[in-house]
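Work through the exercises below with the sequence and the model open. Each task is followed by a solution in steps.

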Amino acid sequence: MSVHSVMRILRKNKTLRYGVPMLLLIVGGSFGLREFSQIRYDAVKIKIDPELEKKLKMNKISLESEYEKIKDSAFDDWKNIRGPRPWEDPDLLQGRNPEILKTKTT
């Protein structure tokens with residue numbers, strides 16, 4: 001048997017053509033996934049500088065504090081304005097006066 005005939009037999013073998021690469025992908029993927037997962041766990045273990053941690057605690061914004069800011073706002077007078085389509089003039093669509101726009105552009 002010549003090398004040419006052996007290569008032809010190996011190319012026709014579906015197990016070598018499709019099965020071996022699939023198994024390599026599965027096994028290699030599991031090792032790669034393990035490494036990426038380990039990076040995540042290592043990042044959690046890193047200690048933050050104490051000064052930076054104090055600054056982060058001071059600037060902490062909670063949902064309750066944001067709610068207190070907007071609690072007394074009246075949303076009854078809002079106006080629904082749709083955004084312009086690419087072929088439309090945004091200033092005309094926003095309800096601005098077209099005569100004022102003509103003077104601005106000229």
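**Exercise 1. Find the residues that make up the nonpolar surface patch, and say which helix gives the largest share.**

Solution. Begin with the rule: a patch takes residues with over 30% relative accessible area and no salt bridge, joining nonpolar side chains (Val, Leu, Ile, Met, Phe, Trp, Tyr) within 5 Å and like charges within 9 Å. Areas come from the Shrake-Rupley method with a 1.4 Å probe, and for residues only the protein chains shown count as cover. The nonpolar patch then consists of Met1, Val3, Val6, Met7, Ile9, Leu10, Leu16, Val20 and Leu24, and covers about 890 Å². Next, assign helices, which are DSSP runs (H or I, at least four residues; strands are E, at least two) numbered from the N terminus. H1 and H2 each contribute at least two residues to the nonpolar patch. The largest share is that of H1, with five residues; Ile9 lies in this helix.

The model is predicted: local features need pLDDT of at least 70, and side-chain atom pairs count only at pLDDT 80 or more, while totals for chains, interfaces and linings use all residues. Residues are numbered from 1 along each chain as its sequence is written, and side-chain values use heavy atoms, with hydrogens and water left out.

**Exercise 2. Which residues form the positive surface patch, and in which helix is Arg17 placed?**

Solution. Lys and Arg count as positive and Asp and Glu as negative, while His and the chain ends are not counted. A charge is placed at NZ of Lys, CZ of Arg, CG of Asp or CD of Glu. The positive patch is made by Arg8, Arg11, Lys12 and Arg17. Helix H1 (residues 3–12) gives the most, three residues, whereas Arg17 sits in helix H2 (residues 14–45). Arg17 is exposed because its relative accessibility is 53%.

**Exercise 3. How many salt bridges are there, and which side chains form them?**

Solution. The criterion is a side-chain nitrogen of Lys or Arg within 4 Å of a carboxyl oxygen of Asp or Glu. The count is three.

- Arg34 and Glu35 are paired at 3.6 Å, N to O. Arg34 is partly exposed at 49%, and Glu35 is partly exposed at 46%.
- Glu66 and Lys69 are paired at 3.2 Å, N to O. They are three residues apart in helix H4 (residues 63–70), so about one helical turn separates them. Lys69 is exposed at 60%, but Glu66 is partly exposed at 32%.
- Glu68 and Lys71 are paired, with their closest N and O atoms 3.1 Å apart. Glu68 is partly exposed at 47%, and Lys71 is partly exposed at 40%.

**Exercise 4. Describe the chain as a whole, and state where confidence is lowest and highest.**

Solution. Count the elements first: the chain has six helices and zero strands, in the order α-α-α-α-α-α from the N terminus. Of its 106 residues, 2% are buried. Confidence is given by pLDDT, the predictor's value for each residue from 0 to 100. The chain averages 80, and 87% of the residues score at least 70. Helix H6 (residues 98–105) has the lowest mean, 57, and H2 has the highest, 89.

Key:
Buried means under 20% relative accessible area, exposed over 50%, partly exposed in between (1.4 Å probe, protein chains only).
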